[in-house]
Amino acid sequence: MSLGAPLGLLALGALAPLALVYWLRRRQPPRLVSAAFLWRSPSHRAEAGPRLERFSRELSFLFEALAVVAAALFLADAQCGAASASSHLVVVVDGSLSLRARGPDGVEAAQRLRDGVRALADERRAAWLTIVESGLVPQVLAGPRKDASGALAALDRWSPGRPRHALGPAVTLAREVAGELDAPVFVFTDGPGGDVASLPSGTSVRSVGVRLDNVAFVSAQRLDGDTGAVLTLGVVSFSRASRTVELQVCDDTGRLLESVRLALEPGVPAVARIASTAAGPLRASLPDDALPEDGVVTLWPARERPVESRIQGGLDPGAERAIRAALAAFSGQRPVDVGTPRADGGDGASAGTATAGEAQLHAPVLVIGDRGSGARVQVGARGSLTSYLGPFFTRREHPVLDDVNFEGVVWTAGDAPPGRPLVRAGKATLVSEESDGTLHLNVALRRSNVQRSEAWPVLWANVARLVRGEAPGFSARNPTLGARVAVTVPRRDETGDPPRWSLREASGHARPLLGTGPLPLPPLEHAGRLELLRNDRSVDFVEISSVDAVESDLRSRGDLSSELAGAGAAAPRAVAEPSSSDRGASRSWWLVWAMLALLLADAWWLGRPARGHT
Amino acid sequence: MTLALDAPAVARAAAGLVLRLPRVAHRGRLGEVRAASIGSAMELHDFREYQPGDDVRHLDWNAVARTGQLVLRVRHDEVSPRVEVLVDGSRSMAASAEKAARAREVALWLCTLAAQGGLEPTLLLLDAAPRRGGSAQARRLLESAPFEGRAGLQEALRQAPPLRTCGVRLVVSDWLFEAEPGALAAQLARGAAALALVQLADPEDLVPTCSGGLRLVDLETGEAVERFVTAAVLGEYRSRLAAHLEGWRAAARRVQASFLPATADEPLERLARGPLAPLVEAGR
C-alpha cells in the first residue's frame, strides 16, 4: 500500500476523542439500584464486588473507529495493488554508447533520456523509482523503490557507453528488483534495433534518439615488429552521402605522425594501414561528429615480456651448460643470471614502481635449480639411476610438452619426483608437475642424451612460454567495447606477504580479484583504462576503445513506429498512459463506501431498541 | 420534602393499636415459653434457662439439682415477651429518601406498638455499626440511622450482637439481597416465638421505569452491570424479582413466619391498615 498524501493520516487523531467519549460514557454517574443481581442476564457471571466491565458498546465503537480509519486512509490517498504501483515507476535506461550521440542542438541523447524520465515521473506522480541500466550485464542505477529525488539524482550521475546489447535482460532485472513481476516497465532507448520488438508485454518503449550521420572506427589493431608499429584501422561512414574525412595519427605527446584522407561511401568500410616507428602509444582520430567517442582510438604497443631466467647454484655443470644453451636459443631472453635467487623474491613483481598514470611491466622469472632446491624447474636425479630408451608416455595436453618428441632419447632417471607425472617410461616418472607449478626433470644428464635431442630446446621453450604466460597481466592489449579478455594472476608469489590483486576501472572503482591463473573477465563494457593492481600498485593495463559498429550507426535512431508496427504480435504492448481524468479516479473511493457502510452499520446497531438486544 | 422520620405520623398510625402476639404457645428449649397473655398474676408459669442479669433468688435449685443447669422460675409477671425489631441498615434501604423514611417510620411504629402493648421492644439497627436500644432510644436511633451498611442482612447479623430470645421478632428490610432465604429465615426464627418479615421496597425497586443504555450499580456491593434497558429487559427483571420474593415467602412459610410486602410510597397509616395490618390488633 502507498500513501499519496500522508498528511491525511492526521485524521486518525479523531480516534482519540472517540475513545474519550466512550471512556467518559463509562464513567458517567451510574444509576444506583437496590439489587444489581436482578439485572444480570444469564450470561453474566455472578461475582460479588465491583468489577470493571468491558464496553458493552464496543461493537459500535469498533464501527466508528473503523470508519475513522477508512476516512483517514482516503484522505491520505492510500493506494493498494495496481493503483499503488502507479506511484512506483520502474524504468530501464539504455546504457549503450549511442546514447552519447549529440543532436544538432548539441544535446546528448542521454540528457534527453534524463529529461524524459523526469517528465514521466512527474506525470505519473511517482514517489519511488527503480532505474536499471541495460547492458551485457544490466545493473541497478537506483532502487529498488528509491525515492524519486534520489533516483533522479543517480540518473544525473549516470553516463552511458556500453557496447551493443539486448534490452530484455534489463527489463527482467528491473521487474525482479522492483519486486513486481508484472509491473509496467518504461524503457528509454534511442531507437529501434536489438530486441525492442520482442520485449515482454507491459513494456512501454520510448525513444529519445534522433537520426544522425556519423563516421567511426569499426576496428583498430596494432602490430609491433622490429621496424616499428603498423596500425590497421577500419573506418565506416554511417551517413547518407559520401564523405571524405581526415584520419590523423599522433604519438603520446600529441605530435602528428601521419594524416590520411579517406573517401568514404555510406556504409562501406575503408581500411587504413599506417606504419610508424614510434615505440609508444599511438592515437588515431577522426574529425568530431555526432558521436566523437567512436572516432578516437589509442593503441598501445605489444607487451614485451622476456623471461628472466635464473640458474641456482648446485646444478651439475654439464646440466647447467645444457640448460643455458637451450635458453639462449630464444630471443628475448635476458642474460642468464647465475647465482642465488634475489633476496626480494622470485618474480620481481613487487620491485617495480607504478605511478597512477603509468604501468610497469614486471618480467616473469624462471628459476632453475637442482632437485630439492625449491626452484620452479628442478633438474636432477636421485637414488638409483636407470636409463630408459622408451616408449615414453606423455601428457600431450600439457603445454610444457607441446611438440616435444622423445624419439631416440636416452633418459636416465632416478627416484620418482613429487607431483603429477607428465612423462613416464614404464613406471618411472621422468617429468612431473606439482600443484604449485613446480616442474621436476628427473634426469641425470651425464648419462642421458636428451639434451642433445630436438626435444630439449622445445621443452625449454615451452617452459619459458608457460612462465611467460603466468606473468600477471591481461591477455589483450587494445581491446574494444564488448571484447572478452582474461587477466592472469600468478599462482606462485615469492614475496613474503600474500598479495592483493584487484582491477581498477577508468571511473576509479576497484574490485578485488579472487583466484589465480588466467581469470576470464566479463565483456568489457566501459571504455577507458582498466588496470591490474597488486597491493594497490599497477602491474598491467588495457586501453578499451569505444569501437562498436552497431552503436556507431545512428542513421536509424529515434523512430520506433516502424519497428513496432512491423513486429505484429511480437510488439510490446504500450502501457496505457494515464489521462487527466484518471488522476482523480485513481483515489481509493472504496474507502468512502466502506466508511459509509460502517456508519450505517453503527446506526443500525445503536438503533435497535425495539428489538431489545443485550 | 420527605422527612427523615415523621414521628407524628407514627403516633397516628399506632393509635389504639397493639402488636398482635402469637396465640399458640411456642415451646422452645428449656422453657422458652411465650405467654399467651400478659398479666400481673404471681403464679408460676414455667421455667427458663438462667441468663446473666437475672435475679439469682429465682433460681429453682431443685431443677438445678436435677438437670445440673441453672434454671429460673419464670413468674407470670416475668413472662412478658420481648419484642425485637431488626432494621436492615444497608444502603439499599436508602435507595430513595421515601424508602428510608418509611423504613424508620415502620420500625418506630413497631416499637411503639410493642410498648403500647406492655411489651419490651428492643431495636437492633443492622447498619455498618450495629446499634441496639430500647423503646426509649428507638426514635433517636432511627432518626440518626445513616443506612450505610454495605453488607447484606445475613452478613450484618454476623457482625451484630447475638439475637436474644424473644417473643416476637420483626425484621424490616427490602429483602433485595443475595442470600439463601431458607437459612436466613431459619436463623431469624431461632429464638423467637413469632417472626414477621416486613418488606419495604421502593416502587422503582419493584417496577423500574428506566430505559436505554445504562450502567447499573448496586448500592451495597458496587457491582456494575451495563444493560441496554428495553421492555424485554424490564420484563426479565420483574420475573426475577417475583421469583426472588417468592423464595422469601416460601422460606417464611417454612419457619411459620409471615412475609408482609409493602411499598414505601404509601404513607404509614395506609400501610398500617393495609399490608401491615396482620401485625396489629386493637389495643385494650
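In strand β5 of chain B, B:Pro121 is the bridge partner of B:Val83, and this contact belongs to the parallel pairing of β4(B) (residues 82-88) with β5(B), which runs over seven bridges; strands count as paired if DSSP finds at least two bridges between them. Helices (H or I, at least four residues) and strands (E, at least two) are DSSP runs, numbered from the N terminus. Between β4(B) and β5(B) the chain passes through helix α3 (residues 97-116) of chain B in a right-handed β-α-β crossover, where right-handed means that, with the strands pointing away from the viewer, the path from the first strand over the helix to the second runs clockwise.

The model is predicted, with local features needing pLDDT of at least 70 and side-chain atom pairs counting only at pLDDT 80 or more, while totals for chains, interfaces and linings use all residues. Residues are numbered from 1 along each chain as its sequence is written, chains are lettered from A and ligands numbered from 1 in the order in which they are written, and side-chain values use heavy atoms, leaving out hydrogens and water.

Strand β5(B) (residues 120-126) is largely enclosed by the rest of the structure, because six of its seven residues are buried (under 20% relative accessible area, with exposed over 50% and partly exposed in between, for a 1.4 Å probe and protein chains only). With β6(B) (residues 131-134), β5(B) pairs in the antiparallel sense over four bridges, and the two form a hairpin with four residues between them.

The open sheet has six strands in the order β6-β5-β4-β7-β8-β11 of chain B, with mixed pairing.
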